[in-house]
Structure formats: C-alpha cells, structure tokens
Amino acid sequence: MDGEGKRGKAVIVGGSIAGMSCAHALTLAGWDVLVLEKTPSSPTGSPTGAGLGLNSFSQQIIQSWLPHSQQQQLLHNTTMPLTIDQNRVTDSEKKVHSTVTRDESFNFRAAHWTDLHGLLYTALPSDIFLWGHLFLSFYVVDGKDSVIVKAKVLATGKVVEIVGDLLVAADGCLSSIRQKYLPDFKLRYSGYCAWRGVLDFSKFENSETITGIRKAYPDLGKCLYFDLASGTHTVLYELQHKRLNWVWFVNQPEPEVKGTSVTMKVNSDMIQKMQQEAEKVLIPEFVKVIKETREPFLNFIYDSDPLEKIFWDNVVLVGDAAHPTTPHCVRSTNMSILDAAVLGKCMEKWGAQKLESALEEYQFIRLPVTSKQVLHARRLGRLKQGLVLPDREPFDPKLVRPDDHQELLVRNTPFFNDVPLSLGLIPSGCL
C-alpha cells in the first residue's frame, strides 16, 4: 500500500446492497466503517424488494467477501441459475409465443433482494451498523481532513455527529448527498412504470397456475424470459424457495414522486384495474400469476444522463446515487457491487493519506463503464416499449428485423464481460 500508516474511517450512508457492498470492500481494504440506515433494523427475513440478477463477475466478488470455507455454498444456496436469456414475441390476439433471441451462455444467477442483502449483512460485524439513524446533513472540515455527518436517532429524536475521513453516498437514485454538489440535478423519467411482484408458490406448487406457467415457460428455473408485445413487455424468472419474480412494463405519463422513493404503494382498486388491463395484452398463464401474487407494487422507472464527476473532496457516490439506471440490462445491482469492489481496491492501493488519488482512480475506472451501460439500458428500454428513438422506427414485435436480434440481447451491453479494471484492482480469485 502506498499510503501506509493512518487507518481510515468511512461513513456509509445507506444500508441497501450498495452500502453493504462498500462495507465489505472497505473493511477488506483495512478501513473502519460505519453504516447509517434509517430503517429501524435489518430487513433480513422480511419480504422486502423483489428479484435481481447477478453476473458471473459479481458472483465472484461476493464470494470473496464471504467466509472462505462457505463461499460457493452460501451464494448458490441463495440463488437460482439464469443460464438462458430469451426474448419472445407475444401475439395479443392468439396469445402464442415465438422466440426471437435465445442466448444459452448467459451465466447469471437470480436472487431475491432480501436474500442477497441478508447474505451480505450476516457476513459483517453487527456493531458497524447504526439502524434507525436518519441522515440529515454533512460538511467537510477545512483542509479536507475529515467529514462530519449529522444524523437523527429516530427512536429518541436525538441528533448525533459522526466524524470520518470518507463519506460514501450509497443513498440511492434520489441521493440527498449528491444534491448538495449538484443542486440542479434531476432524474429523467423513462416514459413508463413497472408493475412488479413475487409469487410464493411453495404451498401450491402442483396447482393449475403453476402447472400452466411451467408449460408456457418450460425453462423456468434457468431462464430469464422477456416477452415482447406491442408497446409493452414483461419479465419472468424463478427464484430460490419456490418463488416467481415477474415484471410488467406499462407506458404512462410521469407521476408526482413524493418523498425518497420511486416505488408506490398501491390500493386494491389500482391492482384490480392493472389486472383487467393485463388480461387484454398478456397471455392467460402470466395473468394468473399476477392475480395470485400478494402485494404487487409499482416502480416508476427513472435514470439520469451520466454524471461528469462522482466524487468531491472526500465524498464519493456509489450505486444508484452515482448512476441511476433503468433495469433493462440487469445492471443496477451489478454496478453497485463493482463500484464497491473498485473503491475498496483503490483505497487499499493508495491508503487514507492519499484519499484524493484513490477517489480519482475510482472515478477514472468506473465512469466510462457505467455511463455507457446507463445509456444502453435507456435505449433498450425504449426499444422494448415501442417508444421513439432518434435513429430508427419504433420497435414493432410483429415485424422484427434481423438487426433487432442483436439489440435485444443483454449480452450486447457495453462491457458485458470486459470490465476495464486496470492495475489489477480485483483480487486474482475474482478474475
């Protein structure tokens, strides 16, 4: 390490997967870490969130963070294989499928958000977490030697101050830390929302609904299914412990987003209306899964134009705070994990006394990758939703062209397998 001597202290705002990942990476880099999170306790074991996909590189990085003797077993027990990426066209009249693309060397694994979060959380010391602490503000001390963070203890109302050498903003796409440096920053609405849900079929795995969906989607358990229809598309894959993760993207005007979430809690009337609309455009087997899902929810899909900077002084952005993205390239969680891994290796290389050099290198490595991936995901989402693109006619699933095949494949995301990690930043066991 070039910066031998002082042991750094990082304050991480946000206890989601990006924050957990940074806690692992910075701890391994020899830093002390403290994680602030407003929720009163870890969501481990609760049905928070939905499904996500992990590419092979993220899998290897996560395994390097877990207890050595159980690395592979722990991750594999939490996830399901996604070895196939398949795009199919749905005929809304005949309700039949025809395959457009099929990539059988996809090499992802599917996880439920809560399961992955719990895996990362339990592999960290419990005393580094300050649950029930609402981030309020921060300021960088003159000379940039430290940063002071103010947070409210929600149980008591007391305001506490925490001093660190580095502030890591893992506070999501609506980041208040980013807003201090970029006060005019605004998210870009995609033009559509996503109805999402997870169906737990563990108590009725031989039911008509599950028999029907397995017949309509015969590779469930190893396939990431995209069904394309006119002006809409769906996603379906299986999760560990007999669960199905589904997503339905619907074009609609931008809503009024309030608070710190782009997820809306929905009422029974909204759910009923959504189900009625689904019957008009989706195949019956998929509609049955939607109808039997408890507590579906609504995500409004946003991203942003790539930022020119992702650190200032001793404050750094990671995950969705650094690069809000649409979900179509299965990148968001993977980008967060890789942000953390690269940040940790930069800190290990330069040490706390050369913080600016470490953050400059982190930014130099990550910005070119995430910027291209965000813009590619934006294009792919607009393509699949039949929205306007500047260089082509709107996509019509009934008239798929040969060049559409390449655009639809997740594999053609920039840096899909070739993440430019210069200087050997990731341990050899992760390559």
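A: Start with helix α4. In this predicted model, the buried residues of α4 are W113, T114, L116, H117, G118, L119, L120 and Y121. That makes eight of the ten residues of the helix, which spans residues 113–122, so α4 is largely enclosed by the rest of the structure. The cut-off behind this is simple: buried means under 20% relative accessible area.

Now take a buried arginine. R88 is found in strand β5, residues 84–90. Its relative accessible area is 5%, so R88 counts as buried. The side chain of R88 has a polar atom 3.0 Å from the backbone oxygen of A216. Leaving out residues up to four places away, R88 touches H97, S98, T99, V100, A216, Y217, Y225, F226, D227 and L228.

Follow that contact to A216. A216 lies in helix α6. A216 is buried too, with a relative accessible area of 14%. Beyond its neighbours within four places in sequence, A216 is in contact with R88, H97, I283 and E285. F286 is 70 residues from A216 in sequence, yet the two C-alpha atoms are 8.6 Å apart in space.

The largest cavity holds about 50 Å³ of space. Its lining is made up of T90, H97, Y217, D227, A229, T232, H233, T234, L282, I283 and F286. Two elements give two or more residues to this lining: β14 (223–229) and β15. β15 gives the most, with three residues. By class, the lining has five nonpolar, five polar and one charged residues.

R214 forms a salt bridge with E238, with the closest N and O atoms 3.1 Å apart. R214 lies in helix α6 (residues 208–216) and E238 in strand β15 (residues 232–239), so the pair ties together parts that are 24 residues apart in sequence. R214 is partly exposed at 32% relative accessibility. E238 is buried, with a relative accessible area of 8%.

That bridge is one of 25 salt bridges in the structure. Another group of them forms a network that links R379, D391, R392, R401, D403, D404 and E407. Two pairs in it are worth a look. In the first, R392 and E407 form a salt bridge, the closest N and O atoms being 3.5 Å apart. R392 lies in the loop between α10 (355–384) and α11 (402–408), and E407 lies in helix α11, so this pair ties together parts that are 15 residues apart in sequence. R392 is buried, with a relative accessible area of 12%. In the second pair, the side chains of D404 and R401 meet in a salt bridge at 3.9 Å, N to O. D404 is buried at a relative accessible area of 1%. R401 counts as partly exposed, at 32% relative accessibility.

Finish with an open space. The second largest pocket has a volume of about 340 Å³. It is lined by 15 residues, and W195, W248, V250, Q252 and E277 lie nearest its centre. The elements that give two or more residues to that lining are β13 (188–200), β16 (243–251) and α7 (268–281). The largest share, five residues, comes from α7. The lining divides into nine nonpolar, four polar and two charged residues.

To recap: α4 is largely enclosed by the rest of the structure. The side chain of R88 reaches the backbone oxygen of A216. R214 in α6 and E238 in β15 are joined as a pair, and β15 gives the most to the cavity lining.

How values were computed. Residues are numbered from 1 along each chain as its sequence is written. This is a predicted model: local features need pLDDT of at least 70, side-chain atom pairs count only at pLDDT 80 or more; totals for chains, interfaces and linings use all residues. Side-chain values use heavy atoms; hydrogens and water are left out. On a 1 Å grid over the protein atoms alone, a cavity is a set of points where a 1.4 Å probe fits but cannot get out, and a pocket is an open set with protein on both sides within 12 Å along at least five of seven lines; lining residues have an atom within 4 Å of a point. Grid points are joined across faces, edges and corners, and a volume is the space filled by probe spheres set on the points. Helices (H or I, at least four residues) and strands (E, at least two) are DSSP runs, numbered from the N terminus. Ala, Val, Leu, Ile, Met, Phe, Trp, Tyr, Cys and Pro count as nonpolar, Asp, Glu, Lys and Arg as charged, and the others, Gly among them, as polar. A salt bridge is a side-chain nitrogen of Lys or Arg within 4 Å of a carboxyl oxygen of Asp or Glu. Buried means under 20% relative accessible area, exposed over 50%, partly exposed in between (1.4 Å probe, protein chains only). A polar contact is a pair of N or O atoms within 3.5 Å; within protein, one must be able to donate a hydrogen and the other to accept it, and residues adjacent in sequence count only if both atoms are side-chain atoms. Contact means heavy atoms within 4.5 Å.
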